[in-house]
Amino acid sequence: MNPDNDPRDARILSERARQLAREADPGYLSDNGLELVEFNLAEETYGIELKYIREIFVLKELTGLPGVPPFIRGIINVRGTIVSVVDLKQFFGLAETNAADSKQIIILSSQNMEFGILTDRIIGVRKRPKSAMQPPIPTLSGIRARHLKGIIDGRIAVLDGKKMLEDEQMQIHPERGF
Amino acid sequence: MNQSELEKRLLEAFSEESEERLENLFSKLTELENVTRDDKRKEILEVVFREAHSLKGAARSVNLPPIESLCQSMETVFGLLKGDELPFSSHLFDRLHDAAKMVERYTLANKPARTGMLNEMTALEKQLEALTVPANSEKNEAPPEVELPAESAVQKAAEKESHDRFPVDQKVDQKNDNRSPGSDTVRISSSKLDALLLKTEELIVLKQFTGQLLIRLKDFQEDMETRSREHKKYYSKLSDHTGSQGGFRNLPEGIRDYLNLVTDNQRDSVERIKELVKTMEQGNRTVSTMVDDLLNDMKKTTLLPFSTLFAVLPRMTREIARDRNKSIELRLSGDETEIDKRILDRIKDPMIHIIRNAIDHGIESPDTRTLHGKTRTGTISIRVSQIESNRVEVTISDDGAGINIPALHAKAVKSGVIREADLGKLTEDDSLALIFHSGLTTSPLITEISGRGLGMAIVKETVENLGGRLKVENVTGRGTTLKLRLPVTQATFRGVLVSSAGRYFIIPNAQVQHVIQVRPADICRLENKPVIRIEQRAVGLVHLFEVLGQQVPPKEKKYNEQIGGEVYTAIILGSDEQQVAFVIDAIIGEQEVLVKSLGKQLGRVPLIAGATVLGSGQVVPVLNVRELILSAAEKDFFPAVATDLLSKTSPVEKRSVLVVEDSFTSRTLLKNILEASGYQVQTAIDGENGFGLLKSGAFHAVVSDVEMPRMNGFELTEKIRSNKATADTPVILVTSLDSREHRERGIDVGADAYIVKSSFDQSNLLEVLEQLMPS
């Protein structure tokens, strides 16, 4: 494999190298560090804390459903349990990229909520000290701002997993009995 | 872990614990109020005392003084009741319930709301204290003073003792209180068992997979055999040509060897595939049995007793009854009966709905009851019993006024479910079934069901979706009984796999009436909506993709316009009273289906009941037929109304056939085959029934079974022949009796054709019928 062949590969590799170099960061050792799974979404890099993630799932097939909002892309079978898949680009109202969706889905999970999010590409898991996080830029507004926990390293938008899992807009027609 | 995190965890633990204790407290309180036997009372008092006490301790450890002191008050009352120092009274119980409810509210509330509750809590405490005073003062009056301090010392000692006896963490003891623990019982977290069950259920996919593999292998085998026959044909032709018996001596050596090689290969392949199929068959059988057995045992492992559901009912009943100013006694029995946890979860809401209905509409007010010579307190009893190895029956009965059938009729007429003129035709059972009619409620459709009173329709649907059945029995003036028959373990069901606009969907077999081919000429219009005619009725015709709101494939858009000769496949769904024909792309197949929920995010998706996983691993949505029909009806028209209109306005005369057959399956099969070919079919269940129909209406032909109760096919044929009006009607006997005698008997009695079921395929019957039909 020759990285020179494809500028994208080269970019990935250099990014990886940069990240590996960063692992020596003292934050790695500190107790209150953040463990983040980083991924690409519409040309941007996002992070989400590992503790809200049940697993990373490789998509084989997505079954669409009628009668659900467009941000629900469909359902998948994760070892016997059906899990719905959310398209954050739709949910956040981000520009649609031409790139086909990747096959990697991050499954967020809590006691009462569970869904997968489609990513363009998963970069990896990384530990950063909490001090590396700055609050979200105040000019951001709307639905995305509500789910942003902060910015790490000045470029990675860290999503608030807890808020996403608790957001009422994420819940489709809760069953309320009779 | 820092201080705030520790606090948070403690609080979480507390809310969990308090929820559990309160639930027990509520149910025991209600029980306590209803029992009269002294020893039983003592026993329950012991439990509630302990619960209040432990809750107090727990509240102290998370620093919630208001709960702590309210629990203290409750504990004091229980202590007094235990020592017979306080009389039982409903007022007392009301206050105790209030107190427990207050604790619950406080626990669930956020900080500002909590501050607002403090006054209320103090007031409650005062009330509870006031209740204890007369008891104490009475004691004061009668016995000498000495006893009081001694008494309280004893009480203190008792309290201290109970401290020691019941440490704060009591979850384990408490659970074991209800069930006697077997010596060989193991505790496993239910989440682990659930995961195991899910994985075991996944094995159904394996079963389907091997099944499909076997089918493909058999197809291949057939293919190979055909090729082999073909080969032999050429081979023998060739050997005829070359003139030599089997040796091909005239041919060049290379070609000869090649031919022999091909022949050997052919034979070999056929042999080997035959062997493979045999092995695969065995393997398939083994896998099926093993998976079924394993799943069966696994399901049994995850069963829960009904007591887990019963725990919440007394309190709920009490609250509703109090709210409606009614006096209700709830009797529960059979709580040790076990059932699948998921089924238990899903029937919880339906049961609550039924109880609420019973209190709201069933049980009369105490005064009315007295007037009718009943006890002032109404009784609702819930009895669970295992009626078969995989079936339980839940009987919920009340001794209230029963269902008011005239009122129900009036409502049904008003909401257009039935015409006034047709009311007379209803049997009592038909009338009672009206309570399950979704049309009787005001809510138009699905998504927001809360408080809209779709009620009984959903109860019925939920029960049926679980593979159960619901029956209502009524004695006007004396009460109503609902019987729910439920499977003990979540059952799989048969479903039809269809495709609509290129996507797959599953429809439960139980709700499929027929599958038909629709030609443009079959479609008429009624109030500008497309309909087709099935057995004298107009059935609305809609595209499934339209109802589902799928992307419309452009070339299929104009289905109701005259497109030259195109034939549509339509699947007719619903029950007898409400049917809609849905046009689909095709029927893909029929298979075993295990419905799964759509996951935590999708609570309720319109038109979709759940999802299932196919043998290929593909996830397929399972359609909710009731909602589909409602939705189609909304889009188009109300089927019940149209029925009548069409029967008057379109006198299209189709050729009619009477099918006489006692087996339900064969009857349905015959009917479907004939209807699919454009005949209009009426059915009868035996000869006598059939002959009755023949006398009242004209039929172009009769297709009848031979062996039937009451009047068999031979006798029926004789009767038809001897009756002037029917003597010329063609009769086709369809039977499994393949003997010369029977054939001759058939001819003797005057049958026009005699088709043996084993050689029975539809083209045969249709050809014969076509020949015999008067043109």
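**Chains A and B: a guided tour**

Visitor: How many helices and strands does chain B have?
Guide: This is a predicted model. In it, chain B carries both kinds of element: 24 helices and 23 strands.

Visitor: What share of the residues of chain B count as buried?
Guide: A residue is buried if 20 or more other C-beta atoms lie within 10 Å of its own. Chain B has 775 residues. The buried share is 31%.

Visitor: Among contacts in chain B between residues at least 6 apart in sequence, what share join residues at least 24 apart?
Guide: Take the contacts in chain B whose partners are at least 6 apart in sequence. Those that join residues at least 24 apart make up 67%.

Visitor: Which helix of chain B gives the most to the side that touches chain A?
Guide: On this side, 35 residues of chain B are in contact with 30 residues of chain A. Elements that each supply at least two residues are helix 8 (190-242), helix 12 (341-362), helix 16 (455-465), strand 17 (608-613) and strand 18 (619-623) of chain B. With 4 residues, the top contributor is helix 8 of chain B.

Visitor: How many residues on the side of chain B that touches chain A are charged?
Guide: Sort that side of chain B by class. There are 15 nonpolar and 12 polar residues. The charged residues number 8.

Visitor: Are helix 22 and helix 23 of chain B roughly parallel or roughly antiparallel?
Guide: The axes of helix 22 (residues 713-722) and helix 23 (residues 740-749) of chain B come within 9 Å and cross at roughly 20°. Angles under 35 degrees count as roughly parallel. Therefore helix 22 of chain B and helix 23 of chain B are roughly parallel.

Visitor: Is the crossing of helix 22 and helix 23 of chain B left-handed or right-handed?
Guide: Helix 22 of chain B brings B:F714, B:T717, B:E718 and B:R721, and these meet B:R745, B:G746 and B:V749 in helix 23 of chain B. By class, the residues of this contact are 2 nonpolar, 2 polar and 3 charged. The hand of the crossing of helix 22 and helix 23 of chain B is right-handed.

Visitor: Why is strand 19 of chain B largely enclosed by the rest of the structure?
Guide: Strand 19 of chain B covers residues 656-660. It is largely enclosed because, of its 5 residues, the number buried is 4.

Visitor: Which residue of strand 21 of chain B is the bridge partner of B:V657?
Guide: Strand 19 of chain B pairs in the parallel sense with strand 20 (residues 680-684) of chain B over 5 bridges. There B:L658 stands opposite B:Q682. Strand 19 of chain B also runs parallel to strand 21 (residues 701-705) of chain B, joined by 4 bridges. In strand 21 of chain B, the partner of B:V657 is B:A701.

Visitor: Is A:I152 buried or exposed?
Guide: A:I152 sits in strand 10 (residues 148-152) of chain A. Leaving aside neighbours within four places in sequence, A:I152 is in contact with A:G47, A:R128, A:A132, A:M133 and A:V158. Because 21 other C-beta atoms lie within 10 Å, A:I152 is buried.

Visitor: How does A:D153 count by its C-beta neighbours?
Guide: A:D153 lies in the loop between strand 10 and strand 11 (156-159) of chain A. Its phi is near 55°, a positive value in a residue other than glycine. Most residues other than glycine have a negative phi. Because A:D153 has 14 C-beta neighbours inside 10 Å, it counts as partly exposed.

Visitor: Does B:L607 count as buried or exposed?
Guide: B:L607 is in the loop between strand 16 (586-593) and strand 17 of chain B. Phi of B:L607 is also positive, near 75°, and the residue is not glycine. With 23 C-beta neighbours inside 10 Å, B:L607 counts as buried.

Visitor: Which are the edge strands of the open sheet of 5 strands in chain A?
Guide: The order of this sheet in chain A is 3-6-7-5-4, with mixed pairing. An edge strand pairs on one side only. The edges are strand 3 (53-58) and strand 4 (72-78) of chain A.

Visitor: Which residue of strand 5 of chain A stands opposite A:I76?
Guide: Strand 4 and strand 5 (residues 81-86) of chain A pair in the antiparallel sense. Opposite A:I76 stands A:V83.

Technical notes. Residues are numbered from 1 along each chain as its sequence is written. Chains are lettered from A and ligands numbered from 1 in the order in which they are written. This is a predicted model: local features need pLDDT of at least 70, side-chain atom pairs count only at pLDDT 80 or more; totals for chains, interfaces and linings use all residues. A residue is buried if 20 or more other C-beta atoms lie within 10 Å of its own, exposed if 12 or fewer, and partly exposed in between; C-beta atoms are placed from the backbone. Two residues are in contact if their C-beta atoms, placed from the backbone, lie within 7 Å. Ala, Val, Leu, Ile, Met, Phe, Trp, Tyr, Cys and Pro count as nonpolar, Asp, Glu, Lys and Arg as charged, and the others, Gly among them, as polar. Axes are lines fitted to C-alpha atoms, for helices over the stretch in contact, and angles run from 0 to 180 degrees between N-to-C directions. Angles under 35 degrees count as roughly parallel, over 145 as roughly antiparallel, 65 to 115 as roughly perpendicular and the rest as oblique. A crossing is left-handed if the near helix is turned anticlockwise from the far one by less than a right angle, and right-handed if clockwise. Two strands pair if DSSP finds at least two bridges between them.
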